[in-house]
Amino acid sequence: MKIYTKTGDKGMTGLIGGERRRKDDLLFEAIGTIDELNSFVGVARSVGFTKDALLQDVQNALFDLGSSLADPQHLIAFESAALVTRFEGDIDDMNEQLEPLRNFILPGGSPASAALHVCRSVCRRAERAVIRLELESGEPVVFLNRLSDWLFVSARFANHNESTADILWNSR
């Protein structure tokens, strides 16, 4: 397979089915941000967070979401209800082991926590990009919203597992 095709050299790229659009189209902004998030999830996995299997499922779901968005005929459906339910259960389980949150916290702490906070912030940007698409189905937005919640609690949980305190925001 040839990696470079030169078909995008003039700022256009293709969707599934062949439709071509400008690379700065809102759709590609969303797909690209989802791809960026998937890359950062890979970074979070590389630092050894204990929930590697769920992170791998997240990566597969993000790839599914990007593929679904790139399919203008909607032949590739994005379904995430089961994963959203897993996020919610896992958030509840992790929160039972964490001290109640009484302050805003700064991103950081352990390497896993810092990586998960980066994922969370990129996930929020992906969510905003998907919202701008005004899709008929709200499922992608629900998925990204719950994923960002899960990433936040997971970042705190990573610090907890590493016996590293969350870094409290010191407002001035």
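These legends go with a handful of close-up views of a predicted model.

**View 1. The largest pocket and the residues around its centre.** This pocket comes in at a volume of about 380 Å³. Its lining is made up of 16 residues, and Ser68, Leu69, Asp71, His74 and Leu135 are the ones nearest the centre. Sorted by class, the lining has 10 nonpolar, three polar and three charged residues.

**View 2. The second largest pocket, with helix 1 and helix 2 in its lining.** Here the space is about 250 Å³. Ile16, Phe28, Ile31, Gly32, Ile34, Asp35, Asn38, Leu62, Phe63, Gly66, Ser67 and Ala70 line the second largest pocket. Two elements, helix 1 and helix 2 (52-69), each give two or more residues to that lining. Helix 1 supplies the largest share, six residues. Split by class, the lining of this pocket has seven nonpolar residues, four polar and one charged.

**View 3. Asn38, one of the residues lining the second largest pocket.** Asn38 sits in helix 1, which runs over residues 26-46. Is Asn38 buried or exposed? Its relative accessible area is 11%, under the 20% cut-off, so Asn38 counts as buried. Skip the neighbours within four places in sequence, and Asn38 is in contact with Gln59, Leu62 and Phe63. Leu62 and Phe63 also turn up in the lining of the second largest pocket.

**View 4. Phe78 and Phe143, an edge-to-face pair.** The model has four aromatic pairs in total, and Phe78 with Phe143 is one of them. Their ring centres are 5.3 Å apart and the planes meet at 75 degrees, so this pair goes down as edge-to-face. Phe78 is in the loop between helix 2 and helix 3 (81-97), while Phe143 belongs to helix 5 (residues 139-161), so the pair links distant parts of the chain, 65 residues apart. Phe78 and Phe143 are both buried.

**View 5. Phe104 and Trp169, another edge-to-face pair.** With centres 5.7 Å apart and planes at 70 degrees, the rings of Phe104 and Trp169 are edge-to-face. Phe104 lies in the loop between helix 3 and strand 3 (105-106), and Trp169 in the segment after strand 4 (167-168), so the pair ties together parts 65 residues apart in sequence. As for accessibility, Phe104 is exposed, at a relative accessible area of 64%, and Trp169 is partly exposed, at 48%.

Notes: Residues numbered from 1 in each chain as written. Predicted model: local features only at pLDDT ≥ 70, side-chain atom pairs only at ≥ 80, totals over all residues. Heavy atoms only, no water. Helix = DSSP H or I, 4+ residues; strand = E, 2+ residues; numbered from the N terminus. Buried < 20%, exposed > 50% of the residue type's maximum accessible area, 1.4 Å probe, protein only. Contact = heavy atoms within 4.5 Å. 1 Å grid on protein atoms, 1.4 Å probe; cavity = no way out; pocket = protein on both sides within 12 Å on 5 of 7 lines; lining within 4 Å. Points joined across faces, edges and corners; volume = space filled by probe spheres on them. Nonpolar A, V, L, I, M, F, W, Y, C, P; charged D, E, K, R; others polar. Phe/Tyr/Trp six-rings, centres within 6.5 Å; stacked < 30°, edge-to-face > 60°.
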